[in-house]
Amino acid sequence: NQGLATLAFFGVGVNLVLFLTRVLGQDSAAAANSVSKWTGTVYIFSLLGAFLSDSYWGRYKTCAIFQAVFVVGLVLLSISTTLFLLKPSGCGDEETPCGSHSTFHIVFFYLAIYLVALGNGGYQPNIATFGADQFDEEDPKEGHSKIAFFSYFYLALNLGSLFSNTILGYFEDQGMWALGFWASTASAVGALVLFLIGTPRYRHFEPKGNPLSRFCQVLVASTRKWKVERTQGEENLFEVDNKESAMNGDRKILHTDSFRFLDKAAIITPKDYAKQGKKIYGHNPWRLCTVTQVEEVKCILRLLPIWLCTILFSVVFTQMASLFVEQGAAMKTKISNFNIPAAGMSSFDILSVAAFIFLYRLVLDPVVARIKSKPKGLTELQRMGVGLFIAILAMVAAGVVEVLRLKDAKKDCPKCVNASSLSIFWQVPQYMLIGASEVFMYVGQLEFFNGQAPDGLKSFGSALCMTSISLGNYVSSLLVSIVMRISTRDDMPGWIPGNLNKGHLDRFFFMLAALTTADLVVYIICAKWYKYIKFEGRKGADDNSDDRQAEAAAAAEHRV
């Protein structure tokens, strides 16, 4: 399902920048910004999908509904391209730009691609989490399989995009846009059908309620008790008993000492309870929260610095779908009579992902585990740091290639079609490095945010991965706009003009390398500060919760 859905999505996304320049007539910078904003919107919608999944619909229903929206968007896009945009007939290749279009046709096109963004964005964080739901991480065998699942899930994602980047990318580069979009539509329909066929075999988990209200309850309760003294120890902190926790399907989270102000939300005072025997009944959740609920908020707050540090990696990653393509289109793309589509070079990224997934799982991870004498090698945080470092190397490689391309450039090229005698295969190292960095960063991110998110916020954890990509696209668009505004002068067209031979794209790549280096330093500091979440198992956890609450009630009376 993931492979086919990804094939459909990248059948649209991988060449969208060329579609905007050749069919809609946008210039290079405007097209790159449009693609960045669209891609960013895809991942913003992942927050909506995660919210609906965790709060109301559950992961299965959310996946099914948003995949249906995805199919509708692709159908409308295919109709728009076939009937309205490819005019005159045969336009849309590198030599024959299309004519002007009416406002209605443009609006119809953008409605279609943003329906694609809504459908794919809402579906993506939930399918990864829904797949992880099929494994019981407290079972040693299934827990190990769950770790492997994320690697192979990301591999399926990349293998799906491999077909888009090669076969579909080639046909679209030749101007056969309608064929490419209808093929994407057929793939999305196949993905939805396969997903529904598996319904009887799936494990389903009920949604846990609105996470925003639980988050706000902790903030309100801790604020209302800001004058209450916080004593040492956990005996005066409120928690539900094991039976109630097991009935909800949640694991309790062990108390931590960070963000101690929030602990006041769980302090029991005489106003918070009606005592019957040894238990506490009828508490107001806006005055008294459980330790687990408080720890949920702490988990999110601890994740935010790590999440912020991943955004700049996504800025680097998004160059592959925009400026790498434009750079490739301005290089020598012909071998004999065969023309290599610039977007097709991302196939090397996919091959690199596949190779490094197996290299890491079969070679690197066992070797590091043996050296460290631990069950697994690098932690998720360490892998993400390695991903950032490799991303720096990718940007340096891209900048060096651009320096070499400019040396062999045809300065008077008006449209930058094969504008340099430097072969497009010089781009292979930067694509391979991006692929290697993805394996360490994005697979590590999937595992990290899914594992560190509380049970009721698993889809939100996956959505954090998607949202970092989203903000990375927006930041990329912002950086391009700022760079163009600062670098454009009367006698200078800026770093990223329509004719790349008159610009300095290399300086932009080197600037990203410098920014990512600074980001890596900040990330290392945040990773050293981070404390991993600690769950209490669903079974066999005898923590005498009832006794602790009775003691807490007595302590509250004594303080009064």
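How many aromatic pairs does the structure hold? The structure holds 37 of them, where rings of Phe, Tyr and Trp (its six-membered ring) pair if their centres lie within 6.5 Å, and planes under 30 degrees apart count as stacked, over 60 as edge-to-face and the rest as tilted. This is a predicted model, in which local features need pLDDT of at least 70 and side-chain atom pairs count only at pLDDT 80 or more, while totals for chains, interfaces and linings use all residues. Residues are numbered from 1 along each chain as its sequence is written, and side-chain values use heavy atoms, with hydrogens and water left out.

One of the pairs joins F19 and F181, which are tilted at 55° between the planes and 5.6 Å centre to centre. This pair links distant parts of the chain, 162 residues apart, with F19 in helix α2 (residues 16-22) and F181 in helix α7 (residues 177-197); helices here are DSSP runs (H or I, at least four residues) and strands likewise (E, at least two), numbered from the N terminus. F19 counts as buried because its relative accessibility is 0%, buried meaning under 20% relative accessible area, exposed over 50% and partly exposed in between (1.4 Å probe, protein chains only). F19 and F181 also belong to one aromatic cluster with F109, Y110, Y114 and W177.

S222, in helix α8 (residues 211-224), is buried because its relative accessibility is 0%. Leaving aside residues up to four places away in sequence, S222 touches F261, L262, K264 and A265, contact meaning heavy atoms within 4.5 Å.
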